[in-house]
Amino acid sequence: MNVPRLIALTLVLTAAPSFATAQTITDCKGLLAAGEYEDCLQATTRAVNRRSYGEDWPLMKAQAEYHLGRYLDAQKSLQAGVQRYAWSIRLRMKQYRLAKMSGDREQALRLLDEIGQLASDSPWRYTDADDLVALGEASIEMGADPKDVLEGFYNRARRNYRSRPDGFLAAAQLALDKGDKQLAVDILSPVLDQFADNAAITYTFAEAIGSLDPERARDLTAQTLQQNPRFTPALLQQVSRMIDAESYDAAEALIAEMLQTNPWQPEAHAYQAVIHHLQNRPVQEAESRALGMSIFGSNPDVDHLIGRTLSRRYRFREGAAYQRRALAADSFHLAARTQLAQDLLRLGQDEEGWQLADAAQLQDKYSATLFNLMQLRSSLDRFATIRNDHFIIRMDRTEAAVYGPRLESLLNRAFATLSEKYGYTPDEPVVVEVFDQPSDFAVRTFGIPDVAGFLGVCFGQLITANSPASQRQNPNNWEAVLWHEFCHVITLQMTGNRIPRWLSEGISVYEERQADSRWGQRMTPGYRERILAGRVTPVSQLSSAFLNAGSGEDLNFAYYESSMVVEFIVRRFGFQALTDILADLNGGLRINDALDRHTGGIENLDREFAADLKQRAADFAPGVEFTLAGDDGPLPSIAIPAAPTKNYSVALMMVVQQLERQEYDGAEARLRELIDWFPQDESRNSARKLLARLYADLDRPADQMAVLAEHVQRTADDIDAVTTLLALQVSSKQWEAAAETGELALAIDPLQPALLRSLLQVAEATGRTADSLPLLNGLLELDTANAARWHFLLAQAYRDSQPQLARRHVLLSLEQAPRYRDAHQLLLKLTDADSAADNRPGDEPPGSN
């Protein structure tokens with residue numbers, strides 16, 4: 001049928017609502033909305049039996065039967081309704097949904113044709129809010145442009161029937177389906193109060209803001225269940241969260257409660273199958289999957305949900321297998337096709353993954369997820385690729401030229417160190433993708449472009465990371481990030497991705513500290529306060545710490561605590577206990593059972609670790625108070641009273657005021673005292689940083705260097721301190737110290753031309769020609785205005801070892817600066833050397849034969 005014509009016809013007509021049976025119908029709708037399905041079924045059955053007029057009666061009867069799991073009865077109710085109300089598109093749309101569930105594609109297409117024909121024949125009949133929504137849903141299924149549907153159906157329902165939720169709900173759901181959460185928020189925000197008692201509106205808004213405001217979303221979901229305690233989408237979301245938190249017993253209890261309402265609820269059985277899978281119970285897994293399909297025999301949504309949930313737990317191979325099952329049942333299942341494409345891309349199976357993504361986009365040209373994937377592919381096509389036996393590294397071409405060899409060397413070192421330590425070697429090359437655009441990183445990692453706060457993510461076979469170029473506002477040590485992520489490769493693969501997030505993160509942070517004392521996380525004043533206040537998650541419940549983190553501070557502490565659990569296990573029970581735990585996880589044992597076997601009992605581990613961590617907190621800066629400044633926030637400018645004994649924060653504030661008054665003698669002595677109080681302070685507002693500033697103001701570069709050198713031994717990512725120290729060391733010709741500082745600078749931001757120029761000066765002064773080559777190649781990319789000089793210096797560097805490469809660079813230098821005298825002289829020397837080599841004794845002169 002002609003969908004645009006259908007839209008046009010409905011736009012020019014209006015219809016007056018009928019109020020003949022409004023009260024009774026309204027009462028039944030209220031029963032449905034409150035989850036009182038049995039009462040609704042009784043009322044609608046009586047109405048249908050006494051031939052009460054209106055398509056709402058069979059429609060509500062079928063909805064009640066559907067919620068109670070009486071799917072075949074629902075089909076009969078809908079068919080009887082269509083026989084009486086032959087003009088009803090709403091009844092046919094419900095039939096269509098059931099046909100899709102059962103995998104009956106032929107019947108589904110026939111119903112869409114009937115809906116289109118009815119709307120074309122009598123467009124005047126279908127202008128009420130619920131009819132406009134039904135026509136919009138049908139149009140989407142027919143492949144109409146979502147924007148046209150939004151304006152032609154849903155927005156018209158919103159404008160003409162402002163007191164009804166139908167149009168608002170449908171418009172917001174369409175936005176969510178196409179990946180536009182912000183549009184869904186914009187649609188529902190103005191009417192939240194108006195429809196405050198509508199569970200569907202409340203829950204849909206919660207979905208829209210889930211990634212933006214998780215805490216409010218959880219509150220709204222709870223509100224939804226107050227409005228309707230049996231609201232299936234909200235209950236399923238709770239089950240999903242419990243699975244993510246590995247609260248399997250609670251999830252199974254909620255599933256059992258749902259099945260009391262609907263014994264055949266497909267999604268509930270799908271989630272039960274997931275739990276069986278994660279707990280290594282294949283027989284029960286198959287039984288639950290079969291129960292999810294028992295009514296219709298072939299419901300691809302069941303396999304899709306199982307696979308999607310497994311993939312969310314990083315079980316991509318198993319997840320992909322379930323998506324293939326879904327596609328075997330319905331080769332046009334868009335969600336399964338899209339998920340399979342993402343699974344394969346995360347498994348490194350790019351060719352098939354991109355083919356599926358292409359096919360999915362042909363099927364749905366308006367999906368934001370698929371559009372973002374196609375944009376990502378364009379970026380990846382421009383990347384350079386570095387390959388070796390262990391890694392396939394993809395990154396921006398300029399960045400690859402600047403620090404690609406350093407990145408490859410770091411990964412090779414991580415591979416050798418961690419593979420030997422854990423006794424596991426990945427079978428296939430690990431794919432590492434480094435993104436200079438945060439939006440590309442977010443799409444590759446999460447499927448959407450607007451996700452911040454992540455430096456890198458590992459999927460087992462694939463590592464994605466933000467490049468230093470994308471972190472200029474908040475620099476981080478990219479070497480520490482990649483070491484952390486490669487450690488995930490080891491722990492994920494050696495456990496078959498069965499390792500819980502807290503343990504995998506804990507091991508990665510622990511191994512950061514083992515590789516470099518400046519990497520990873522350490523005790524902070526904020527952590528000390530949490531621990532001494534008893535705000536620590538027991539080891540047996542650590543999986544929930546990441547899921548339920550209410551703030552960035554909560555999440556950071558979850559990383560730290562997890563790493564300290566690993567450190568405690570290794571120190572108390574030996575490293576072998578840790579690898580034995582990983583082996584048990586690979587064998588299908590649950591984490592708490594594995595811990596119980598190798599740490600003297602899980603309850604004992606909870607108790608001993610809590611005591612150990614509390615003692616560490618008590619030993620951290622003993623007797624020192626911290627009450628004002630955040631760990632790394634700006635120091636507020638306020639009047640401070642006399643400092644209490646050993647209050648570091650207050651004393652630091654007073655020193656700031658002394659510096660502002662230029663009372664340097666007293667400030668210097670006080671800062672030395674504060675360093676003794678809290679020598680671990682690595683923050684950008686530490687006493688050491690203030691002391692270095694004081695020495696800079698007093699022009700005491702030697703003292704400034706000494707203090708900054710102490711500071712950078714404790715921090716891995718303070719690029720300002722590192723570059724300042726480097727400049728001081730270069731100016732004072734402390735070349736060896738400068739070379740060491742330069743290594744740290746390159747690990748934070750290797751894309752600063754000034755840094756590379758300084759390090760080139762260091763390399764020349766120390767005679768390290770090998771160090772100068774990557775620096776010069778980097779400067780060729782980053783400092784193109786001086787390309788002639790960099791080519792000339794490369795030619796000099798290669799003159800003896802690779803004269804042909806030296807000739808190439810000197811010619812490129814002259815191409816940039818034809819009058820470059822030194823380059824001309826070097827070219828003459830290279831030419832003379834070539835001539836001498838051609839005529840050396842023992843060679844036959846040209847033409848001698």
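Which residue forms a salt bridge with R597? D584 does, and the closest N and O atoms of the pair are 3.5 Å apart. A salt bridge here is a side-chain nitrogen of Lys or Arg within 4 Å of a carboxyl oxygen of Asp or Glu.

This is a predicted model, in which local features need pLDDT of at least 70, side-chain atom pairs count only at pLDDT 80 or more, and totals for chains, interfaces and linings use all residues. Residues are numbered from 1 along each chain as its sequence is written, and side-chain values use heavy atoms, with hydrogens and water left out.

## Salt bridges

Helices (H or I, at least four residues) and strands (E, at least two) are DSSP runs, numbered from the N terminus. D584 counts as buried, at 14% relative accessibility. R597 counts as exposed, at 56%. Buried means under 20% relative accessible area, exposed means over 50%, and partly exposed lies in between (1.4 Å probe, protein chains only).

The count of salt bridges comes to 48.

| Pair | N to O distance | Elements |
|---|---|---|
| R394 and E433 | 2.6 Å | β2 and β3 |
| R530 and D554 | 2.5 Å | α27 and α29 |

Take R394 and E433. R394 belongs to strand β2 (residues 391–396) and E433 to strand β3 (residues 430–435), so the pair ties together parts that are 39 residues apart in sequence. Both residues are buried.

Next come R530 and D554. R530 lies in helix α27 (residues 525–532) and D554 in helix α29 (residues 552–573), so this pair joins parts that are 24 residues apart in sequence. R530 is buried, with a relative accessible area of 10%. D554 counts as partly exposed, at 25%.

Salt bridges also link up. One network holds E55, D56, R90, D128, D130, R164 and D166.

## Strand β5

Strand β5 (residues 462–466) has five of its five residues buried, so the rest of the structure largely encloses it. Both of its faces are covered. L462, T464 and N466 are buried on one side, and I463 and A465 on the other.

What does β5 pair with? Two strands pair if DSSP finds at least two bridges between them. Five bridges join β3 to β5, and these strands run parallel. F435 has N466 of β5 as its bridge partner. Strand β4 (residues 456–458) is joined to β5 by three bridges, and these two run antiparallel. Here C458 has I463 as its bridge partner. The hairpin of β4 and β5 has three residues between the strands, and G460 takes a positive phi near 110 degrees.

## Two packed helices

Helix α14 (residues 232–244) packs against helix α16 (residues 266–278) at an angle of about 5 degrees, with axes 10 Å apart. The axes are lines fitted to C-alpha atoms, for helices over the stretch in contact, and angles run from 0 to 180 degrees between N-to-C directions. The angle makes α14 roughly parallel to α16, a term for angles under 35 degrees.

From α14, the contact (heavy atoms within 4.5 Å) uses L236, V239, S240 and I243. From α16 it uses E267, A268, Y271, V274, I275 and L278.

How values were computed:
Angles under 35 degrees count as roughly parallel, over 145 as roughly antiparallel, 65 to 115 as roughly perpendicular and the rest as oblique.
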